[in-house]
Each structure stands twice: as C-alpha cells, then as structure tokens.
Amino acid sequence: MSTEALPLKVSGLSARYGVVPALNEVSITVGSGEIVTLIGANGAGKSTLIKTICGLVRPSAGSVHLFGENVTGMSPDRLVRKGLSVVPEGRRLFGEMTMLENLELGSFARNDTAAVKRDLDRVISLFPELRDRLATQASTFSGGQQQMIAVARALMSAPRILLLDEPTIGLAPAIVDRIAEMIKTVAETGVNILLVEQNAETALAIADRAYILEGGAITAEDSASVLAQSPEVQRAYLGI
Ligand SMILES: Nc1ncnc2c1ncn2[C@@H]1O[C@H](COP(=O)(O)OP(=O)(O)OP(=O)(O)O)[C@@H](O)[C@H]1O
Ligand SMILES: [Mg+2]
C-alpha cells in the first residue's frame with residue numbers, strides 16, 4: 001500500500017495549551033479498511049489528538065495527511081468536506097432537537113439532497129432500535145441510544161474516515177457490546193476508523209491495530225491481538 005493512499009497519516013504531531021505540552025511528536029496511521037485504536041488513561045492527550053487532527057487545536061509541530069493530502073491546520077468544516085467525521089467526547093447532541101434534526105445537522109456540508117435522503121435511510125437501518133423514534137427529542141434517549149445517534153449523525157456527512165472519542169464511556173456492559181458491534185458494522189461499510197478509548201478491553205477486541213498514548217506520547221504500537229497479550233498493557237489497561 002502506498003503512503004499516499006493512507007486514509008490517515010499523523011506525523012510528529014505536537015500540541016500545547018499555552019505553555020503546557022499536551023502532545024509530543026505523535027505519529028500514527030490508519031490504513032485502508034482498518035479499525036485502529038488508541039488507548040490512553042485520563043489526561044493522556046486522546047481528545048487533544050482528535051481535536052488537533054480535526055482542526056480544533058492548532059499543532060505546534062508535525063503534520064496530518066488525509067488520503068495523501070496535507071490537511072494540517074485545516075478548519076473542521078473543510079475537513080468534513082474531505083471525508084473526515086468525528087464523534088466527539090460526550091456525544092454533544094442537541095438535546096432540545098429531535099433525533100431526525102440531529103441527524104440532518106450531520107449532513108450540513110452536503111448539497112446532494114437525493115444522496116442525503118438515501119444515507120438517512122441507510123444510517124437508520126444500522127440502528128433498527130431507533131427507527132421509529134425519529135421525532136423524539138434527543139435528550140430523552142438513554143446514554144447508549146444517544147451514543148448511537150451521535151455515531152449516526154457523524155455518518156450523515158458520508159465520511160471516508162471516522163474518529164470516535166471514547167464512545168463507550170459510562171455505558172453498561174451490554175450497551176458497550178452493542179456500540180462495539182455497531183462500530184464494526186460501520187467499518188464493514190468501508191469507513192476507516194480511529195477509535196480512541198480508555199476501555200482497552202472493548203477497543204482491543206474490535207481493532208486491527210493499536211497504539212498506547214501516555215503523557216502525550218506514543219509508548220507502544222502493535223496489532224491489537226499482540227498488545228492485548230502484552231504484560232504491561234494487561235497490568236495498566238486490562239486490570240489483569
Ligand atoms: N483546553 C485546555 N486547556 C488547558 N489544558 C488542557 C485543555 N484541554 C486539555 N488540557 C490538558 O491537556 C492534557 C490532555 O488532555 P486531553 O483532554 O487531551 O486528555 P484525554 O486523554 O482526552 O483525557 P480524558 O480521558 O479525561 O478524556 C491534560 O493534562 C489536560 O488537563
Ligand atoms: Mg478525552
């Protein structure tokens with residue numbers, strides 16, 4: 001696979017909040033067809049990495065390439081048009097609006113109305129449990145359902161790569177499994193995935209490859225199955 005074709009290539013990316021460093025020369029890739037996970041504890045810099053990739057935080061060094069194009073520092077709305085979509089930490093639904101209105105917001109960057117309509121049907125078909133509740137106010141759904149809506153909304157921009165920031169946090173185990181299954185289904189539809197998680201068990205179970213982020217720096221990378229067997233990872237992230 002040529003470097004140019006990589007859906008995502010992050011090279012030597014650093015970021016700081018004022019004088020406080022948050023990311024230190026982070027390099028990661030997401031290959032075509034991959035689910036890649038990035039595992040990190042509280043404050044490791046996971047959200048900062050996502051925000052820096054998607055144009056919300058300006059990097060102090062390094063670069064971001066999307067499908068071979070240098071998009072470093074590009075604004076979030078331009079990146080959406082280039083096929084990048086994010087499910088942010090904490091879901092960030094518009095609670096007063098209906099599920100349908102939230103989904104429609106996900107397609108703000110598009111003017112291909114017929115295709116948007118088709119994608120709405122397709123996205124809803126991924127979440128059969130929500131199908132009959134399009135007119136329901138978003139804030140009245142359970143945490144797990146709101147997470148599904150957040151993923152559905154992100155898919156409404158017809159992304160080629162999806163970044164998810166801790167989609168399973170605070171959810172009951174059965175719901176975590178449902179979200180994990182959904183992420184795999186999304187990947188099977190041809191969307192490349194970067195999954196940022198503290199929940200190493202779930203993330204390593206569905207990912208092809210994994211990185212460990214500690215104190216803003218990558219400290220390990222390998223196939224997800226190999227990392228899941230590593231004594232350090234088991235001790236620090238799997239409670240084994
Ligand atoms: N807006 C901000 N201003 C100043 N410091 C920040 C800001 N956002 C994050 N930080 C700091 O940067 C570091 C990385 O934070 P970040 O939110 O990226 O971590 P995280 O891995 O996403 O953590 P969590 O698991 O709690 O979501 C932390 O030390 C945090 O306190
Ligand atoms: Mg975070």
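Guide: Ala, Val, Leu, Ile, Met, Phe, Trp, Tyr, Cys and Pro count as nonpolar, Asp, Glu, Lys and Arg as charged, and the others, Gly among them, as polar. By these classes, the largest cavity is lined by seven nonpolar residues, with no polar and no charged ones. A cavity is a set of points, on a 1 Å grid over the protein atoms alone, where a 1.4 Å probe fits but cannot get out; lining residues have an atom within 4 Å of a point. This is a predicted model, in which local features need pLDDT of at least 70 and side-chain atom pairs count only at pLDDT 80 or more, while totals for chains, interfaces and linings use all residues. Residues are numbered from 1 along each chain as its sequence is written, chains are lettered from A and ligands numbered from 1 in the order in which they are written, and side-chain values use heavy atoms, with hydrogens and water left out.

The structure holds one cavity of 30 Å³ or more. Its volume, the space filled by probe spheres set on the grid points, is about 40 Å³. The residues lining the cavity are M99, L103, V123, I124, F127, L130 and A152. Two elements give two or more residues to this lining: helix 3 (99–105) and helix 4 (113–126). Helices (H or I, at least four residues) and strands (E, at least two) are DSSP runs, numbered from the N terminus.

Next come the pockets. A pocket is an open set of points with protein on both sides within 12 Å along at least five of seven lines. The largest pocket has about 590 Å³ of space. Its lining has 24 residues, and V80, V86, P88, F108 and R153 are the closest to its centre. Helix 1, helix 2 (76–81), strand 6 (84–87) and helix 5 (143–155) each give two or more residues to the lining of this pocket. Helix 2 gives the largest share, four residues. By class, 14 lining residues of the largest pocket are nonpolar, four are polar and six are charged.

The second largest pocket has about 160 Å³ of space. Of its 14 lining residues, G43, A44, G45, K46 and S47 lie nearest its centre. Helix 1 gives the largest share of this lining, three residues. The lining of the second largest pocket divides into three nonpolar, eight polar and three charged residues.

Ligand 1 takes the space of the second largest pocket, where to sit in a pocket means to have more than half of its atoms within 2 Å of the grid points. Around ligand 1 are 13 residues, and N42, G43, K46, T48 and E89 come nearest; a residue counts if one of its heavy atoms lies within 4 Å. Helix 1 (residues 46–53) supplies the largest share of this shell, three residues. The shell has four nonpolar, six polar and three charged residues.

A polar side-chain atom of N42 is 2.8 Å from an oxygen atom of ligand 1. A polar backbone atom of G43 also lies 2.8 Å from an oxygen atom of ligand 1. For A44, a backbone N or O atom is 3.2 Å from an oxygen atom of ligand 1. On its own, ligand 1 has 630 Å² of accessible area, and the protein covers 58% of this; such areas come from the Shrake-Rupley method with a 1.4 Å probe.

Key: Polar contact = N/O pair within 3.5 Å; in protein donor to acceptor, adjacent residues only side chain to side chain.
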